[in-house]
Each structure stands twice: as structure tokens, then as C-alpha cells.
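Here is a short briefing on how two chains meet. Look at the structure first, then read on.

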Amino acid sequence: MTMELWTGALQAVLALVAAPLLQGWIKWLKAQMQGRHGPSIWQPYRDLFKYSRKGEVISGHTSWIFRAAPVGLLTTTVVAAMLLPSPLVAAALPAMSGAAIGELLLFVYLLAMGRFCLALAGLDAGSSFGGMGSSREMYVAALAEPALILAALVLMIDAGTTNLTAIGETVRQAGWDWWSASHLLAFLALAVLVVAETGRVPVDNPDTHLELTMIHEGMILEYSGPSLALIQLAVWMKQWLLLNVWLQVMVPFGQGWMFAGLFCLLLALVGVGLALVESFFAKVRIFRVPRMMGASLMLGVLALLARFVQ
Amino acid sequence: MSSQTLMMTAFFLFLLGSLSTLTRRMMAIRLGHALLMMAGLSGFVAALLVLWSGTAWSLDLWSMAPFGMITLRMDGLAAFFILLFHGVAMPVALFGSSFAAGEAKPLWQTALLNLFFVAIDLVVLADQAILFLLAWESMSLVSTGLVLSRHEESPVRHAGFVYLAMTHLAGGFVVLFLLYLTVQAGDGHFASLAEALQGQVPEVQLLLLLAALLGLGTKAGLVPVHIWLPRAHPVASAHVSAVMSGLMVKAALYMLIRVFFGWAEALPMALALLVLGVGTLSALAGVYYALVEKDLKRMLAFSTVENVGIIVMALGAALVAREAGLAEVTSLALSAALFHGLNHGLFKSLLFLSSGAVYRASHEKNMDHLGGLIRQMPATAAAFFIGSLAVAGIPLVNGFASEWLTLQSLFYVGAFGLNADMGMAIGGSVNSGATMLGGLSSLNWTLVGGVLALLAAALLGLVGALAAACFVKAFGTVFLALPRSQGAREAREVPAVMRAAMALLAGACVFFGLLPSAGLRLTLPALEAVLGPTASSPLVLMDQGLGLIFWSAPGNLPISGGASAGSQLMIYAVAGLLMVVALLVAAVLTLLRKRSGRAPVVAETWNCGLPLEPTMEYNATSFATPLRLALGFVGRFAVERDLYRPFADGLLRLAQRMRPLQGGNVHIYLSYIFATLLLLLLFGR
């Protein structure tokens with residue numbers, strides 16, 4: 001129990017510290033690809049620092065829900081980070097390998113809990129922007145959910161449990177034989193979902209404040225100062241966590257510094273991939289999002305059928 | 001006092017409560033509800049005693065010639081449902097004692113509510129076909145009476161008519177099912193009926209089970225025979241709706257469990273998959289209609305359809321697992337179904353009671369006309385908030401625990417179906433059902449069941465996410481933002497009695513959310529009652545790595561026996577973790593605010609420089625629009641228009657054709673009688 005707590009705490013701290021760096025990396029890459037000078041890779045840390053020193057403006061139309069939501073969001077994300085086994089921690093500190101809680105469905109539901117808080121907060125101020133953001137956030141999340149569950153469950157059939165630690169072990173034992181047709185399809189399905197869940201192009205645009213295009217930014221429009229810092233941090237952490245899940249169901253990470261290095265390299269490469277998608281694709285119309293999610297769901301179904309004929 | 005005595009006391013108190021309404025007005029309402037509450041407590045303890053000791057009792061009432069002895073029996077399954085009914089009866093009575101006075105015909109409603117509990121108790125306690133049918137019919141009629149308490153309004157009358165018509169259609173199938181078996185068995189005792197059912201040839205058994213599914217499914221509100229539910233439930237008074245939505249559908253599910261698990265021993269895999277499919281369809285359609293609905297109580301009624309669907313999905317998973325020979329997964333899934341039944345009973349009554357409080361305070365039913373109530377009605381808002389968290393399956397509240405368990409059962413069915421070489425106990429009886437279907441027997445039904453179970457799990461994920469969207473919409477438009485009508489602006493918090501009733505139910509929701517093992521412990525006697533020796537405790541399964549663990553040592557595969565000692569975390573540990581982290585985060589936030597040296601400034605919501613008007617806000621309709629458009633294909637098939645209308649039209653046309661038979665001429669009638677007599681003499685004896 002104590003070991004799990006310490007591992008969890010370490011994972012959470014790692015996510016807290018590294019998540020803004022990942023965000024900064026992706027933004028920097030994107031700027032380079034678009035021929036801009038762009039902000040420094042450390043800009044997210046500076047942003048957090050800046051927000052945390054500013055004063056705060058709170059709408060008089062809001063209730064306790066609005067004040068509690070940033071705390072709720074960051075809390076659920078931190079606890080989710082504690083549950084989720086981190087390949088980096090496991091690789092660098094073998095003693096902590098396998099000590100994470102790793103119940104994947106609980107992880108998904110914890111993220112849903114944070115989303116629930118934030119969506120309510122979006123409605124609380126009574127502005128149309130907030131309502132629009134909440135409505136669209138729940139819309140994207142609802143459409144992504146069946147594809148997410150299906151792809152995740154297909155990947156878990158071999159382990160026979162929804163425990164990510166056990167799945168990590170199964171992947172490790174299987175080695176590169178893990179890459180079957182069925183699993184490849186499931187990775188692909190998850191990739192689409194990671195893009196949607198992290199609020200990136202082509203589903204959402206993280207860089208805009210134009211009301212017609214925004215989803216997530218609309219929801220948090222009323223926030224400022226330290227509250228905004230908490231929300232931003234939680235959002236970047238969520239991105240870090242989702243990429244963590246995706247990488248560890250895909251790659252058989254072992255232990256030792258080499259695998260820690262491999263993990264960081266792969267994460268950086270995924271960042272390149274996300275920046276490429278953001279630079280070369282336009283945001284799709286909100287009513288085209290179901291097609292993307294449908295495609296992801298179909299990939300999941302194909303993965304299941306591929307498993308079925310094996 | 002023994003459980004039997006307590007149960008009889010409960011019946012006596014219910015009847016007394018019903019009669020007490022013959023006295024003076026104000027006092028009678030209070031007295032009726034007080035007696036209802038006492039009866040609730042008495043039966044609650046009675047059920048708890050049976051669940052605790054694990055010994056069933058039965059009571060012979062009187063002998064009735066062709067049907068044998070009329071018997072009441074409380075076994076684990078019945079006790080579980082009595083516990084739910086009586087547990088909810090107490091807060092409902094408390095709420096009603098203050099709420100009913102403002103409703104139409106309060107005396108009539110109080111009397112019928114007491115009688116309703118007598119009927120619903122008898123439904124689950126009856127151990128004999130004729131008593132069951134009588135109780136079933138009384139339950140339908142008494143609830144119709146409750147629905148029709150505002151019969152002056154034409155939509156209420158229409159709802160009452162649809163309810164009565166559907167409920168009798170369903171009743172017909174139940175009568176057919178039970179009386180056919182009674183004739184076969186020679187007496188109406190349930191044990192004899194179970195034997196008779198097992199003795200039937202497979203085809204007849206299949207038809208009988210389909211009749212039972214249709215009959216009981218109508219009363220449970222399964223799609224497509226749910227159409228009465230969203231009409232009848234919302235037009236009743238809020239505390240009556242709570243009882244109807246939270247409890248009455250459970251009475252049908254009780255019988256469904258008894259018949260499909262207790263009586264039928266093996267059924268075709270196709271039928272098990274049909275149950276799973278019907279559950280999935282109900283859950284999806286229910287949540288879609290709830291999402292696009294803007295009447296608060298109708299939305300809650302549709303959400304009942306959804307939750308009944310989830311329960312039936314778990315039942316389907318249990319049936320598939322049983323056909324595949326997975327005894328442990330069967331127990332787990334059935335336990336999930338029962339637990340979700342309990343949880344739904346709690347959070348749906350909570351939501352209906354708080355919707356009643358909202359209506360009492362604002363006189364508005366339409367969510368698009370509400371808003372901002374969290375300021376004037378903080379207690380009701382908190383109650384509705386907890387109910388919303390529960391129904392949306394958010395961790396730490398009870399809905400999550402059972403939804404998670406249902407997902408896990410579906411996953412296990414799928415993983416075992418696709419993974420037969422995992423060292424699991426898949427017995428030789430795998431294809432027992434498949435052989436019944438001749439040509440299809442070459443198909444590996446376990447594998448098919450596995451694939452379909454995983455697809456159902458994905459759809460359950462969709463249902464959960466849509467339910468979350470639906471209740472963000474409901475809570476957001478009713479309680480947050482600016483009030484959208486005069487009624488909402490002038491709303492005031494409801495009296496303390498009503499708040500106390502909501503607090504009781506909200507407390508129960510949180511209790512089972514933090515201690516799901518307590519709820520699972522309650523389902524064990526019910527599992528033993530229907531599954532017999534193959535039942536295994538969900539708590540033991542949990543220790544074995546299957547079920548309610550949130551982590552176990554890696555490589556510890558389910559049911560492989562190698563349970564890891566320690567390293568098991570209950571959800572309350574997660575709750576503790578969340579609490580500690582939340583305090584930390586809040587402390588950091590406070591610190592940051594303090595350090596910035598500026599207190600938060602209160603200002604207007606940013607609205608591009610224009611004054612904020614309630615009409616600019618997103619409301620229930622606009623919130624749901626993107627999802628309505630994306631999932632429009634669900635709504636395009638209107639059950640009423642495409643299924644019922646042609647049927648009803650056909651029936652009317654047929655009646656039109658038959659009309660000449662009724663010519664009104666006495667000679668023709670006499671010749672009919674003569675012809676009938678002749679036919680009887682020729683063919684009858």
C-alpha cells in the first residue's frame with residue numbers, strides 16, 4: 001500500500017512537471033513547421049507562472065460550482081495520474097515497476113468526472129460561449145467514448161483484465177509479437193481518439209479564441225488568474241496521460257535507462273506527429289466529427305473481428 | 001420479532017394507512033404517510049433479517065381448489081427487492097407528508113400509495129401463480145389510479161389509457177406464461193412451475209420464455225414496448241413518480257430474474273443474446289430520448305428506460321456467461337444487475353423527489369424555462385447534483401459502482417469467449433443451446449457471444465457518456481446560469497421535511513458509492529436463491545482478482561486462483577486520495593490568490609460588452625442539439641409512428657370489417673347461438 005502511494009505520488013509529480021514541457025515542445029514544433037519563430041519551448045511554464053500571479057475576475061452570476069470546478073478538474077487529473085502506470089517511472093526505477101494501480105476503466109471515469117465538473121462550470125456563468133463549449137465538449141466526449149472503450153477492451157483481451165499494469169506485463173512478455181493485425185487496428189483507433197480527447201486539430205483548435213471554432217476554450221472563457229492556471233495544467237496533464245496510455249499499450253517497455261530514453265524519444269516523435277497533423281490539416285466542421293469518431297469505432301470493430309478470425 | 005411477523009405488521013400498517021385517509025383532511029395525509037413510513041421500516045427490517053440470516057421463510061395462507069396452497073415466501077431474491085422497496089418507501093413517505101398536500105386529490109393519492117406498496121410487496125412475496133397474478137393486476141390498477149389523479153386534464157387521461165392498454169397487453173402474456181405452466185404442473189406453486197418449465201420440449205420452452213420476456217419487459221419499460229412509461233410516470237405526483245420509476249419497474253425485473261435464472265436451467269444462446277440486445281437497445285434509445293427531452297420529469301422517465309436497459313444488459317451478460325459455462329462471471333453479472341437495480345431505485349427516486357421540489361418552488365416543468373435555482377434552493381440543488389453524478393456514472397457515487405461492474409462482466413464474457421485457452425473453466429456444456437437451433441450448431445456460440453458482449457460494452461460506454469451529457473444539461477439548465485422565467489426567479493427553497501427526505505436518499509447514494517462492497521454483500525443471498533450452489537460471492541470473486549478490485553499484482557489473471565494477498569484498493573481509498581489531493585489543490589489555489597495580493601474581483605459575465613440576457617443562454621434544447629443531429633438516426637425511427645400506429649390502424653380496420661356481424665337483428669343473433677351450440681355438440685364434449 002505504501003509502495004503504491006509513493007509510486008502514485010511520483011507519477012503525479014512527473015506528470016505535473018513534464019506535461020507543460022510536452023505542450024511547449026508541440027507548440028514550438030508547430031511554429032517551426034509553419035515558418036514562424038514561435039514561443040520558446042518553456043513558454044507553458046512561464047504562462048502558468050504568469051497566470052498564478054495575476055488577480056482573478058469572477059462573474060457575479062456564478063455559483064460554487066464555478067469556483068470548485070478548477071479544483072475538481074485538477075484533482076481528478078492528479079489522481080488519474082497516480083493510478084496510471086508510467087513507463088518512464090517503471091523503466092527508471094525498477095523497484096516501482098508494477099506498483100501502480102492501473103485500473104483503466106476507473107482512469108477513464110476519473111477523466112469523465114473532471115469533464116463533468118468543467119462542463120457544468122461552463123454553463124454556470126450564463127454566457128453563450130460557455131454553454132456552447134460545454135455542449136460541444138460533451139458531444140465530442142460522448143462520441144469518442146464507445147470507440148475508446150472498444151479499442152481498449154480489444155487490447156485487453158489477452159491480459160484478461162482491465163488492469164493496465166497487467167496489460168503492460170502482457171505486452172512486455174509478448175515482445176514485438178504483440179503487433180498483430182488486430183492490435184494495430186486498435187492502436188490506430190486510439191490514435192484518432194487521443195487527438196480528439198486532447199482537443200487538437202482536426203476536432204478542436206487549442207490556439208484559437210474565435211467563438212465559432214472553439215470547444216474547450218469556450219468552456220473556460222470566464223476563468224482567469226490562478227484558477228485558469230489550474231485548468232491549463234490539468235489539460236496539459238491529460239494530454240500527457242493519454243499519450244502515456246497509448247504508448248504503453250503499443251510498445252513493450254522493459255526496465256532500465258535505455259527504455260526510459262526510448263519512451264522519451266517516442267513521446268517526442270508523437271509530438272512531431274501531432275504538430276504535423278495540426279499544420280497540415282484544417283479543423284473539420286463540428287458536425288463532421290461524428291464521421292471521425294465513427295471511423296475510429298469501425299477500426300475498433302475491425303480490430304475485434306480480426307481477433308475473432310485469429 | 002421474526003421477519004415474518006414484521007412483514008405482516010408492514011401489511012397491516014399499509015392497510016391502516018390506506019384506511020386512515022377516511023378521517024379528516026390535513027391530519028389524514030400526515031397520518032397516512034406516517035403509517036407508510038412505519039410500514040416501510042417494518043418491512044425493511046424484515047428483509048434485512050432474511051438477508052442477514054440467509055434463511056427463507058414461507059407462510060401458507062389458504063388452499064384454493066385448482067391452484068393448490070396459496071403461499072407467501074421470502075427468499076434471498078424477494079428479500080433483496082423488499083429491502084429496496086421499503087428502503088425507498090421511507091424517504092418517499094417523509095417527502096409525501098409535506099408534498100402531497102399541494103397535489104391534486106391528496107387523500108386519494110395517499111390511500112392508493114399505501115395500497116400500491118401492499119400490491120408490489122405481494123408481487124415479490126407470492127410463491128404461487130394465482131396470487132402473483134392477482135398482485136400483479138392490483139399493482140397495475142392501483143398505479144393507474146395514481147396516474148389518473150389529475151384526470152381532468154386530457155393528456156393525463158390519454159397517458160392513463162396508453163398505460164392501461166399496454167399493461168394489460170403485457171399482463172396477457174404473463175397470464176399465458178403462468179397459467180400454461182400451472183395447467184402443465186397441476187398446481188400453481190412456483191417450485192412446480194419451475195419443474196414444468198424445465199420439462200417442456202425446447203421449442204415450447206422458448207415460446208414460453210419469449211412470452212415472459214415480452215410480458216415482463218413491457219412492465220419493466222424495455223424498448224420497443226416502453227411507450228407507456230414516459231407518458232405515465234411524469235404525469236403522476238413527483239413522489240408517486242419516484243415510486244413508479246424507482247420501484248415498479250424493478251418488480252418486473254424481479255420476476256424476469258426469477259424466471260430466467262431460477263426456473264429456466266439452460267436456454268438457447270440466441271435467447272441470451274436477444275436479452276443482451278434488447279437491453280442495449282433500451283439503454284441507447286432511452287438515453288437518446290432523455291437527452292433531447294426538455295420536460296424535466298419526462299427526461300427522468302426516459303432515463304429510467306435507459307437504466308432498465310443497463311440492468312437487462314447485465315442480465316443478458318449473465319445469461320450468456322451461464323450458457324458458456326462460466327459460473328463465476330454469471331454470479332458477477334447477476335450481482336451487477338441486482339446492484340444497479342438497487343442503485344437506480346435510490347438515485348432515480350432522489351431525482352424525482354428533487355424534480356418535485358423544483359416544480360413546487362417554480363411551477364415550471366420545462367427545463368428551458370428554469371435556471372439559476374442553485375442560489376435560492378441550495379439544498380435541492382445539492383440533492384439533484386448527487387443524483388446527477390450517480391446517474392452519470394461518476395466515481396464515488398453509487399451509479400458508477402454498478403455500471404463499472406456491468407462493464408467488467410461484459411468484458412469478461414467477451415474476453416473468455418475470445419480467449420478460451422486462458423485456462424478458464426469453460427465446461428462441456430458450451431453449445432447446449434446451440435444444438436437446439438439445428439443448422440446453426442456449427443457456429444461457435446461462445447465466440448459469437450464474446451464478440452457481441454464486447455460490442456455491447458462499447459455501446460454501454462456510449463450510453464454512460466450520453467447520460468453524463470444529459471445530466472450536465474439537466475443540472476446546468478435547471479440550477480445554473482440566469483433564471484429564464486418569472487417562476488424560476490421567484491422560486492424559494494422547499495420545507496425542511498422535503499429536504500430531509502432528499503438528504504436521506506442522497507446519503508444512501510453516497511454510501512453505496514463509497515462502500516460498493518456493502519451493496520454486493522446484499523446481493524449474495526439473492527444470487528444463492530436463484531443460482532443455487534453455482535452462486536459465488538462477488539466479494540470472494542473480488543478477492544480472486546475478478547470484480548471489484550482496482551488493482552492486483554500484475555500477471556494475476558482472473559479466476560486463475562492465484563489471488564494476491566494485499567494490494568487491493570477499495571473505492572473509498574480512491575475517495576480518500578481525491579479528498580487529500582483536492583485539499584492540496586485548494587490550498588495551493590488559496591496560497592496563489594493570497595500571494596497575488598488581490599482578492600478575486602466580482603464582475604459581470606463577459607458578453608462582448610452587451611448586458612447579459614437569459615434569452616442568450618444555452619438552454620436544454622440548444623445544449624442537446626449537436627448530439628441530436630449526430631445521433632438523429634436513433635430518433636428517425638419513431639416507435640409510435642412506425643410500429644404502433646400501423647398496428648392500431650390495422651386493428652381498427654379489422655373491427656370495421658367485423659361490424660356487419662353485429663347487425664342488431666335478433667334473428668341473426670339467435671342463429672349465431674344456434675350455430676355455436678351445434679358446433680359445441682359436434683366437437684365438444
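Two strands count as paired if DSSP finds at least two bridges between them. That is the background for A:Ser59, which stands opposite B:Ala603 in β3(B). The model shown is predicted. The points below cover the meeting of chain A and chain B.

**Strands across the chains**
- Strand β1 of chain A (residues 57-59) is joined to strand β3 of chain B (residues 601-603) by three bridges.
- These two strands run parallel.

**Extent of the interface**
- The size of an interface is often given as the accessible area lost when the parts come together.
- Between them, chain A and chain B bury about 7200 Å².
- Carbon and sulfur atoms carry 76% of that buried area.
- In chain A, the residues that lose the most area to chain B are A:His61, A:Tyr109 and A:Phe116.
- Together these three make up 10% of what the chain A side buries.
- In terms of contact, 81 residues of chain A touch 83 residues of chain B.

**Polar links**
- One salt bridge is counted between chain A and chain B.
- Its partners are the side chains of B:Arg593 and A:Glu56, at 2.7 Å from N to O.
- Polar contact links 15 residue pairs between chain A and chain B, with both residues at pLDDT 80 or more.

**Make-up of the chain A side**
- Helix α6 of chain A (residues 128-156) gives the most to the side that touches chain B, with 17 residues.
- By class, this side of chain A has 48 nonpolar, 22 polar and eleven charged residues.

Key. Residues are numbered from 1 along each chain as its sequence is written. Chains are lettered from A and ligands numbered from 1 in the order in which they are written. This is a predicted model: local features need pLDDT of at least 70, side-chain atom pairs count only at pLDDT 80 or more; totals for chains, interfaces and linings use all residues. Side-chain values use heavy atoms; hydrogens and water are left out. Contact means heavy atoms within 4.5 Å. Buried area is the accessible area (1.4 Å probe) that two parts lose on being put together, summed over both. A salt bridge is a side-chain nitrogen of Lys or Arg within 4 Å of a carboxyl oxygen of Asp or Glu. A polar contact is a pair of N or O atoms within 3.5 Å; within protein, one must be able to donate a hydrogen and the other to accept it, and residues adjacent in sequence count only if both atoms are side-chain atoms. Helices (H or I, at least four residues) and strands (E, at least two) are DSSP runs, numbered from the N terminus. Ala, Val, Leu, Ile, Met, Phe, Trp, Tyr, Cys and Pro count as nonpolar, Asp, Glu, Lys and Arg as charged, and the others, Gly among them, as polar.
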